[in-house]
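Subject: Structure handover

Dear colleague,

I am passing on the structure below, and my notes on it follow.

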Amino acid sequence: MATSAATHTFPCSAGRPKQSSQRRGSASLSVRASADANTVTLLDYGAGNVRSVRNAIRHLGFGIRDVRSPEDILAADRLVFPGVGAFGSAMDILNSTGMADALREYIGRDRPFLGICLGLQLLFDSSEENGPVSGLGVIPGVVRRFDSSKGLIVPHIGWNALEITKDTQLLQGADGHHVYFVHSYHALPSDANREWISSVCNYGGSFISSISMGNIQAVQFHPEKSGATGLSILKNFLSPNSAGTKVPPRRKASKLAKRVIACLDVRSNDKGDLVVTKGDQYDVRDHTSSKEVRNLGKPVDLASQYYIDGADEVSFLNITGFRDFPLGDLPMLEVLRCASEKVFVPLTVGGGIRDFTDANGRYYSSLEVASEYFRSGADKISIGSDAVFAAEAFLQTGVKTGKTSLEQISRVYGNQAVVVSIDPRRVYVQTPEDVPFKTVKVSNKGPSGEEYAWYQCTVNGGRDSRPIGAYELAKAVEELGAGEILLNCIDCDGQGCGFDIDLVKMVSDAVTIPVIASSGAGAVEHFTEVFEKTNASAALAAGIFHRKEVPILAVKEHLVDAGVEVRI
């Protein structure tokens with residue numbers, strides 16, 4: 001529960017931790033001498049993708065010392081705390097290891113500290129996430145969930161603008177730029193915590209996006225995933241006296257941007273090399289006598305180029321993962337590790353995330369599979385076939401077992417880390433009463449003049465149809481813990497005729513989580529159309545980027561001309 005300001009650990013006049021007067025007493029933990037000035041201490045308690053933060057720190061030329069004990073926290077010259085996952089799980093770990101008290105003491109000495117995402121939220125009194133759960137109690141306030149009851153899409157995922165309220169070294173150069181957020185819970189400004197706040201962000205109202213008091217800094221967004229702007233923010237913390245190059249924004253950020261995502265379908269070709277390919281209605285083989293898998297490039301090279309070109313996210317789909325054992329696919333894991341060293345925007349990976357028993361009889365839970373993807377560099381994981389089966393069972397019984405991959409992974413890592421990929425095929429009908437599934441009146445009539453259609457979901461890479469519609473699946477997986485939907489369309493895949501607007505509108509209107517439109521992009525106008533006619537939060541494309549038919553920058557410039565907010 002929230003405590004009053006009078007009981008706070010740091011009741012200074014401005015809420016600021018005291019300096020030398022709060023040095024440790026004799027009962028405090030011992031301090032180990034710290035190493036050179038080019039090393040930063042990282043608190044990684046084992047949940048989520050901290051590899052991205054590691055890679056960003058190393059990219060900026062700094063070494064890393066990991067926290068192994070509470071004493072390591074107290075010995076740090078500079079401490080970075082990239083909190084990820086659920087609030088309660090994080091506090092359980094911090095309390096059980098003694099690190100919560102060490103953090104309070106370190107912060108109380110006003111030592112250089114940077115909290116990221118959950119690392120900001122944990123500084124507050126408590127959180128409503130699976131709670132109330134008590135936090136570190138450094139800053140007055142309660143962390144609450146965004147309210148989706150009035151149509152607000154939750155989680156808050158994407159690139160949003162900061163309103164800087166305090167002049168700080170950390171945010172120098174960030175004004176006017178978009179930064180990347182991914183969270184369902186937030187802290188609200190109040191009279192009790194106002195002097196801590198260095199910036200706010202607007203999403204259904206104003207929330208705290210960063211705090212600064214003395215040497216204590218924390219941000220709700222992810223600088224390690226915010227491109228060049230985020231790397232500059234990290235450098236401001238790691239080298240506060242350096243005069244880095246500040247690049248003015250080409251277009252001033254004002255609100256949450258629509259995202260343009262580059263997708264890479266990855267599989268082994270017939271020679272055993274891991275390549276990026278692209279299907280034509282999910283068929284990835286050339287229509288020639290050789291029938292070879294289309295090879296459109298190397299995964300890491302393409303991902304790195306798309307980051308440079310301005311992609312807001314990069315998505316890897318292991319398209320043979322439904323039949324292979326993902327943890328045995330070492331090349332795919334290596335692709336993730338290498339890409340995360342070069343790509344400082346979010347990485348999503350999908351394919352084969354499910355419970356699995358290997359040839360030796362060893363059982364692996366879907367949570368173990370996802371955890372390995374996160375450790376290898378993924379920020380989000382995408383679940384396909386397994387989500388369909390989970391949704392069917394849920395709709396039949398109305399019972400959440402807590403054992404599905406969706407429920408397990410979202411419980412540990414938060415629903416914002418879980419994407420469900422839906423692969424439907426259009427089925428025309430004469431009237432809505434012909435099927436027990438949600439239908440839409442289609443923009444273009446069917447082959448026999450049908451005016452309606454439903455969208456039948458498939459599994460196993462589109463090979464097998466299931467008795468569930470895209471609308472019903474989307475509603476069910478949102479209930480089970482999905483934080484985002486990747487909405488494909490087999491009919492439109494590889495056709496270049498535009499997204500299926502009827503499908504995207506139906507699903508994006510039905511759920512309160514973000515929807516990514518996928519399949520069919522062939523021109524810049526298709527991106528504008530899907531954003532103007534539906535509630536899609538992002539649009540994804542593959543082939544037109546791989547074949548260099550449409551540059552990512554051209555897509556964004558067209559969106560700007562149409563009045564759509566994008567990061568550029």
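Valine 530 lies in helix H14 (residues 524-533), where helices are DSSP runs of H or I with at least four residues and strands are runs of E with at least two, numbered from the N terminus. This is a predicted model, in which local features need pLDDT of at least 70 and side-chain atom pairs count only at pLDDT 80 or more, while totals for chains, interfaces and linings use all residues. Residues are numbered from 1 along each chain as its sequence is written, and side-chain values use heavy atoms, with hydrogens and water left out.

Valine 530 is buried, with a relative accessible area of 0% (buried means under 20%, exposed over 50% and partly exposed in between, with a 1.4 Å probe and protein chains only). Leaving aside neighbours within four places in sequence, valine 530 is in contact with Phe499, Ile501, Val504, Ala517 and Ala539, contact meaning heavy atoms within 4.5 Å.

Helix H11 (residues 405-413) is mostly covered, since seven of its nine residues are buried, and among what covers them are helix H9 (366-376) and strand E22 (418-422). Just after H11, glycine 414 takes a positive phi of about 90°.

Turning to the strands, eight of them form an open sheet of mixed pairing, in the order E2-E1-E3-E4-E14-E13-E12-E9, where two strands pair if DSSP finds at least two bridges between them. Within this sheet, strand E4 (residues 113-117) runs parallel to strand E14 (residues 216-219) and is joined to E14 by four bridges; glycine 115 has alanine 218 of E14 as its bridge partner.

Best wishes
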